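Let's take a walk through this model, starting with the overall build and ending with a few individual spots. Keep the viewer open as you read.

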Amino acid sequence: MDGGGLRLNMNVLDYGILALYFVTVLGVGFAARRAIRTSVDFFLSGRSLPAWVTGLAFVSANLGALEIIGMAANGAQYGAMTLHYYWIGAVPAMVFLGIVMMPFYYGSKVRSVPEYLRLRFNRPTHLLNALSFAVAQVLIAGVNLYALALIMQALLGWPLWVAIVVGALIVLAYITVGGLSGAIYNEVLQFFVIIAGLLPITILGLVKVGGIDGLMDVVRDSKLGEAGLHTWQDTGTTGNPLGAHWLGIVFGLGFVLSFGYWTTNFAEVQRALSAKNMSAARRTPIIAAYPKLLIPVVTVIPGLVALVTVRGLGAESGDLVYNNAIPLLMRDLLPNGVLGIAVTGLVASFMAGMAANVSGFNTVFTYDIWQSYIRRDRPDEYYIRVGRWATVGGVLIGIGTAFIAAGFSNIMNYIQALFSLFNAPLFATFIIGMFWRRMSAAAGFLSLLLGTLAALATYLLYKAGVVHFNSDLEESFWGAGIAFVTVAVVAAVVTPFTAPKRDDDLRGLVYGMGGVDLKGDVLAGDRVWWRSPVLLGVLAVALSLLLYLPVF
C-alpha cells in the first residue's frame with residue numbers, strides 16, 4: 001500500500017482520542033494483574049466471568065482484520081454475497097457450539113481444545129492438533145498485525161515495519177501483564193469502541209449515496225451490477241460475483257468452514273471456558289451471535305459504498321486495492337474528531353483479534369506442548385512464567401508472519417485458506433469423534449493428519465494451476481469440503497480394524513455416554529426461561545434466516 005495517497009488528515013483531537021485509548025487498554029491490563037494467583041487465573045480467568053462479558057469478548061475476539069478490513073474488501077468485491085459469512089457462515093455454528101458442544105468442553109474441565117482430543121483419542125492426536133493450532137494462531141496474528149500496520153502507515157505515514165512493531169508491543173504489554181482477563185476485559189471495551197468507530201462511516205456513506213435505495217441504484221450501475229444486491233441468486237451455477245455454487249456455500253462455508261472455525265478454534269472457545277458456570281459457558285457464543293447478525297452494517301455496507309464512491313477501487317496493487325476500502329472511506333467522509341474515533345475503532349479491532357490469537361497460543365503452548373511433553377510436574381508459578389514468555393514468543397513470530405500477509409491483495413482470501421487447512425479437518429475429527437463412540441484413537445490421529453494433508457494438497461494444486469477454481473474463496477470452500485470427506489472416509493476405514501476406547505474413558509466426552517451435568521452449577525438467576533441456551537439459540541438462527549429474505 002502506498003502511504004501518500006491514503007494519508008488521513010489527523011489533528012490534535014484525533015491523536016488525543018487514540019492516545020487515551022492506548023492508556024486505557026494498558027490500564028485494564030495492569031488492573032487485571034491483581035486477580036492472577038494461579039495458572040488458571042492467567043490462562044482461563046479463573047473460570048469466573050459472567051456470560052455477558054464472555055459473550056461480548058467472544059464476538060470482539062472475532063472482530064479483527066478478517067472482519068473489518070477483510071469483510072469490507074469482500075463487500076466491495078463480491079457485494080451482498082458477503083452476507084453468507086455471517087448468516088449461514090457464523091450464527092448457526094455459534095449456536096451449535098453453545099447448545100451441543102460446550103457441555104463437553106466445559107463439563108470435562110479441559111483447559112483447551114487440544115486437551116479434549118487427548119482425552120477423546122490419544123497423545124499423538126493431541127500433539128498434532130496443539131502444533132497445528134499454534135502455527136495457525138501466529139499466522140492469523142500476523143494478519144491482524146499487518147492490517148493494523150496498514151492503518152498506522154496510512155494515518156501516520158510510518159514505515160510498515162515500525163507500525164507492526166509498535167502495534168505488537170502494546171498487545172504484548174497487556175496480555176503479558178493481565179493474562180486472559182486483561183485480554184477479555186479489553187475485548188469488551190474494544191467491542192464498543194469498534195462499533196462507535198465504524199458506525200459513522202456507514203451513516204455518512206449512506207448519506208452520500210442517497211440512503212439504502214440510492215446505494216442499491218448505484219450498485220446496479222457498478223461493475224457488480226444487479227448480482228451485487230443478492231445472496232442466493234445465480235448460485236445454481238458459478239456465474240455470480242463470488243464464483244461459488246450453492247453447494248459450496250452451504251456445505252463448504254455454511255457447514256465445514258464455519259463449524260470448523262467457531263466450534264474448534266480455541267481462540268474463541270477459550271472465552272466460553274472462562275465463564276463462571278455451565279449455563280454462562282453455553283450462553284457465551286449464543287449471546288455473541290446477536291451482535292454478529294448485525295455486524296454487516298459496519299462492514300458490508302461500507303464495502304459497497306466504497307465500490308461506488310472510490311474511483312478505481314479494485315486495483316491489483318497500490319492505494320486502490322480492495323483491502324483499503326475502509327481507510328479510503330475514512331479519508332473521504334470523516335471530519336476530525338470523528339476521524340479519531342474511527343481510527344481508534346480500527347486499531348481496537350486489530351488489537352482484539354491479535355490478542356485472541358496470542359492468548360490462545362500461549363495457553364496451548366504452555367499446557368499442551370510445554371507442560372505435556374517438555375517439563376511436567378513443575379510448580380504453578382513456573383507455568384505462569386512460561387505463559388508470559390510464550391506470549392512474547394507468539395508476538396515476535398506474529399511480527400514475522402505479518403510480512404507473509406503483506407503478499408496478499410485480499411487478506412480475507414489468505415485467512416480463509418488458513419481456515420480450510422487447519423480448522424476444517426479438525427472439526428471433522430471432532431464432530432465424528434464426539435458423536436461416534438466406536439471411533440478409535442488410531443482413527444482420530446490418522447483422519448486428522450490425512451484430512452489436513454488433503455486440504456494442503458488441494459491448495460497447492462490450485463496454486464500450481466493443476467486444479468481450476470473460479471476464485472481463491474471457491475478453492476477454500478472445496479478444500480474444506482475435501483478435508484471433511486477425507487477425515488470421514490479415513491475414520492470409517494481405520495476404525496473397524498483398530499481397538500475402541502473403553503466406555504468408562506468416554507464419559508463426558510461423547511454424546512449419549514452420560515457424564516455431563518447441565519444443571520449442577522446453575523445459579524438461581526440462570527433458571528429463568530429467557531436465559532435458556534436452547535431458546536436463545538433457536539431465536540438467533542430464526543433471525544439469520546429472516547434477514548436473508550430482503551436480499552435473497
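First, some ground rules. This is a predicted model, so local features need pLDDT of at least 70 and side-chain atom pairs count only at pLDDT 80 or more, while totals for chains, interfaces and linings use all residues. Residues are numbered from 1 along each chain as its sequence is written, and side-chain values use heavy atoms, with hydrogens and water left out.

The protein has 22 helices and zero strands; these are DSSP runs, H or I of at least four residues for helices and E of at least two for strands, numbered from the N terminus. Its C-alpha trace spans about 65 × 55 × 50 Å along the principal axes.

Now look inside. Of the 552 residues, 62% are buried, meaning under 20% relative accessible area, with exposed being over 50% and partly exposed in between (1.4 Å probe, protein chains only). The largest nonpolar core holds 184 residues, and among those touching the most other members are Met-102, Tyr-105 and Phe-430. Helix α8 (residues 123-156) gives this core its largest share, 20 residues. A second, separate core of five residues includes Ile-36, Phe-42, Phe-43 and Ile-384. A core here is a set of buried Ala, Val, Leu, Ile, Met, Phe, Trp, Tyr and Cys residues joined through side-chain atoms within 4.5 Å.

Helix α12 (residues 266-273) is mostly covered, with eight of its eight residues buried. Val-269, Ala-272 and Leu-273 are among those buried residues, and Met-102 is in contact with Val-269, Ala-272 and Leu-273, among others, leaving aside neighbours within four places in sequence. Contact means heavy atoms within 4.5 Å.

What about the outside? Leu-294 lies in helix α13 (residues 278-294) and counts as exposed because its relative accessibility is 54%. Together with Leu-199, Ile-203, Val-207 and Val-297, Leu-294 makes a nonpolar surface patch of about 440 Å². Helix α9 (residues 160-209) contributes the largest share of that patch, three residues.

Finally, Gly-239 sits in the loop between α10 (211-220) and α11 (246-264). Gly-239 is exposed because its relative accessible area is 54%.

Methods: Patch = residues over 30% accessible without salt bridge, like charges linked within 9 Å, V, L, I, M, F, W, Y side chains within 5 Å. Areas by Shrake-Rupley, 256 points an atom, 1.4 Å probe, with all protein chains shown as cover. Salt bridge = Lys/Arg side-chain N within 4 Å of Asp/Glu carboxyl O.
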